[in-house]
Structure formats: structure tokens, C-alpha cells
Amino acid sequence: MLKTKLFKILTESALIFHRELLQSLRNRVWVVIGLMQPVLFLVFFGPLLTRITSIPGFPARNAWQIFVPGLLVQLGLFSSAFVGFSLLEDIRNGVVERMRVTPASRLALLMGRVARDAIVLLAQSGILLLVALPFGLTAALPGLLVSMVLVVLTGISMASLSYGAAMILKSEDSLAPMLNAITVPLLLLSGILLPMSLAPTWLFDLAHINPFFYVVQALRSAFLGNFDSSNFVQGSVVSILLTAVSILFGFATFMRENV
Amino acid sequence: MQKDSLILDARNLKKLFKTKRGIVEAVVDVSLKAYRGEIVGLLGPNGAGKTTTLRMLITLLKPTEGEVFINGINVLTNGHEARRHMGYVAQGGSSDPDCTVMEELLTQARLYGIGPKQAYERALYLCKKLELTDFKDRLIKTLSGGQKRRLEVALGLVHNPPLIFLDEPTTGLDPQTRANLWEHIKSLKGEGTTVLLTTHYLDEADALCDRIVIMDHGKVVAEGTPEELKNQIAGDVVIINVARATQDYVDLLMQLPKVREVKFHHSEIHLTVNNIEQAILDILRVSDSSNTELLSIRFSKPTLDEVFFRLTGRSLREGENDA
């Protein structure tokens, strides 16, 4: 019973995933822009960072090992945070409602979309890492693979939250300011661009309420291969919890009856 | 299955909404029935509760009170199963402009749990049935309004449901396209599919519907075949011109058993009557016996507009402008 139910959810998620991926690929311009963005950060922002590693407080290691993990999380945050806009279009076209009157699982309607976003993110982070290598990034393969898993989890969380917010707000005019209001502080308080070890105490303490602060720390540990460090364990647990809570939230908004 | 088997049975639906200004009774008490192969029209001015009622039937809204059975399945306790027995075509459209016709049909069929091969066959069949074969691989954004509407009807039919809900199916279509869609809707009936449609157009309700349910203020205010409603509520109108209408003559007309109402329009007398054949004989007799010279006599068949106006005090056209 449970097994057939799970199979049904997976099949339906795959259907939605296929449909959404096809849509993404049809929009080739966006695929290219989406892939270019992380590379631009590497090329135009990375070189600045290699100069400031001598500042007191900057961790004593290769600047790319600090910068690339941060960039990965940033990619996860921003490439997924705005996916709600595509859902708004589907809501407006009546596609969401059409699917909601079918017996398809509401979880699948969400997860099919989230899976598309995860795949796009996976491709983007893969490219980012490949491009980073010639710049001088040194990291062990297991660290890179684990990092990609954590980034995808970040993306899944943000995408689920974004879809949930779109389902509730139902308009670009409210979704855009809300996403900006949330993502910018999240970015600034995560130590993505510069390590938080440079921050004064109050800012450093404030960063601890931001889940992505822990995710970034976990990624930096993973790059060094420190899988048993408390930073890595903490960040992974936060990441998994955040993913679970976000999916539940998104699922709840798809279950909600709408007026 | 019996021809007259009950497909939709909604009993005493009620829906309250809590708003900032207090509790709003969107639907007070609505009972609806639809039988196999029947086209039922749900009519009402804006704010009558049509949309809320529809949303309760299609499992998108939980009624505050009442029950809904579709094909014998309780929608409230077994909504998941009930969804297999109904199709829904939304008013504002339901297709993605960036998908092709076949892609949408296939996804929709698969979401109903239909296997890939049957889904493909069904999609092809529906394309043929709704004259979409020539456009089946076109992006939906390149379709005309009528083609897109036909696709959306096809999407509502992918799982071959015994009941399909069409919310304002022809709004925004030109007259020719409307007439074409009407033919398609009528052909559904021929295959035993029950159709429940809401509409703003009384001519549409008149031309398509076997039975009409008129709603106002969250309640059903009248129900019947278009003919029944016209006869019962509006009645036929006889218009006579006389050379000189005396008060005695008018009194005599008013006393006639089949006459319901007498009104003057300048030199004309409008009589609303129950049975036009009987009434005409009476009118001729009365005119003769009172020596009143009849200049002309003509009849006007009641329209649904009149029925609607009498029931709701509003014309449906007025409501349309607020939409």
C-alpha cells in the first residue's frame, strides 16, 4: 500500500519534472544566462579576493577554498529563490488549478518542480567547480561531491519556500519584495562573500541565526576534507532540517484549499 | 447503466467565509442534481455563489455544510477517487502557452494514472474529436482563442469522465467560434457525458441546456427546462392594439383566468398569460362582447432574459460588465 503510494508520487513527480525541464530547455537563453552567472562571479569577483587573504582574521588558506564554497551556496540561494515566479505564471494560466483537480499527489506537483530546479542547480554548480579549478582551487573530490549535495539541499529548500510563497501571495508585486527582503539579509549574514571571521562580534553573533551561515561553514570544511569537524556536522544537520521544513511548508501550500 | 442515473448529487451545500468584516454567506443552501447525458446550466448574476458552488463540487473548496456525490462517490470523504469521475475546464484557461497541444494532453492523461500508450491514443483521439489534429504539435501560444478553448475542453476529457464542469466555456469567443464549441458540447451529451456549465449568456443556456438552475444570493431560486422556466416564470405575452380601451374592457381582460398581468405601453396593452392558445380565444371573445375594435394582435415568446429579470431583479447583461 505504502509502496504503491510512494511509486505513484515518484511517477507523478517524474511527469512534472519532465514537463518543467522541457520548458526550461525550450528557454535556451535562460539556460545560458543561468549557467554564466556563477562563472561571472568567479572571473570578475574571485581575483579581488585573492588579494585580501593577508588581512588579519582571514583564514590561513587558499582564497579559492574560502570563496568557491561561498559562491556555491550563493548560487543555491539565488538560482532557486526566484523559481516562484515561474509558478505564478502557471497559476495565472490555470495550469496549477487544472492539475489540482486531478488525483495527482500534491506533493508530486511540488517535488516535480523542485527536482527540475535541483537538476539545473546541479549543472550550474558542476560548471562552477570545473571553471574554478584552473583558477587555482584545490580540493579533494569527496569534498566537492559532498559540497554539491549540500548545495542542492540548499536549492531544494529555497525552491520549496519560493513556491510556497508564490502559492500564498499569488502576485509578482508581493512576491518580488518579499524574496528580496529575505534573500539579501540571508546573503549578507552567511559569510558567503567574505568569511564571518572578519566580522565584529555583534555581526558574528547575528550570523548565527542564519541557517545558511552553517551551510557555508560546512561547505568550507568539506572542501578541506574535514568531514568530522563540528562545522561540517552542524552545517549538514542544519541543511537537512531546513530542507525538510521547507518541503513541508511548500507541500502545505499545495494542499491548502484556495478561494 | 440506466439512462437516468444520477451523476451529480449535491445536497444542501453551504459555505461561509470568515473575512475581516465578519462572516460572509457565499452559498446559503444549494442542492443540485445532474443525470447521465444531461447538460445543466448554472446561471446567476455575479456574486450569486456560482463559482463558490463549483469549487465545492470540484474538490477545491470544503463546504461548511452539505454533501456532494459524484457518480455515487462522496466527494468530501473520498475526494481523491471522486476526481477520477469529473473533468473541469476553468474559465480563464488552463493550458501553458509554452507547451505543445500533445504535451499538455499527455501530461494531463498521465496525471490521471493513464499508461503512456493509452495516454497517447487518447490524446490523438481527442485531437481528432475536437478538431485539433492539425495543431497537435504546435505551441499553445500560437493557437487561436477557439482552438485553445477546444484544447482545454479536451484536457478536461482526457480521463473520459462521466461528468465535466465547464466554467463560462464561451466567454470571449466570437459568435462563429461559440457556435462551433456549442456543437462540440452537444456531442458530449450524445456520448452520455453529463455537462454542468456556468454561463453569462442566456441564449447559450437556452440553446444548450436541458435544464437550468438559477442562483441568486447563494440560493437556487428556480430550476427547470428552459421552456418550463419561460412558461412558469415569464409566461407568454400577448400584445394588442385597440381603437379605444375603456376601463370596463381592461377589467374584463384582467378577470380572464389565463391572464396573469395587464400592462399598458402607450396605446398597446401587454398581457402576460399562462396558456397562449386559450388566452387568445378569451381575448377575442371579450373584445367582441364589449364591442371593442381590435386593431392588431401579436405574441411575444418569453425569453430567458425575462425569466432572469423576474427572478433576480437584474439583467444578466448588467452583471457581465462587473466581471
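**Exercise 1.** Determine how β4(B) and strand β5 (residues 73–74) of chain B pair, and which residue stands opposite B:Ile73.

*Solution.* Step 1: β4(B) and β5(B) run antiparallel to each other and share 2 bridges; strands are DSSP runs of E with at least two residues, helices are runs of H or I with at least four, and both are numbered from the N terminus. Two strands count as paired if DSSP finds at least two bridges between them. Step 2: opposite B:Ile73 in β5(B) stands B:Ile70. Step 3: the hairpin has 2 residues between these strands, and B:Asn71 takes a positive phi near 55° there.

The model is predicted: local features need pLDDT of at least 70, side-chain atom pairs count only at pLDDT 80 or more, and totals for chains, interfaces and linings use all residues. Residues are numbered from 1 along each chain as its sequence is written, while chains are lettered from A and ligands numbered from 1 in the order in which they are written.

**Exercise 2.** Find the bridge partner of B:Ala10 in β4(B).

*Solution.* Step 1: strand β1 (residues 6–19) of chain B pairs with strand β4 (residues 65–70) of chain B in the antiparallel sense, over 5 bridges. Step 2: B:Ala10 has B:Val68 as its partner.

**Exercise 3.** State how many residues each chain brings to the contact.

*Solution.* Step 1: chain B brings 24 residues and chain A brings 20 residues, where contact requires C-beta atoms, placed from the backbone, within 7 Å. Step 2: on the side of chain B that touches chain A, helix α3 (residues 101–111) of chain B gives the most, with 3 residues.

Technical notes:
Contact = placed C-beta atoms within 7 Å.
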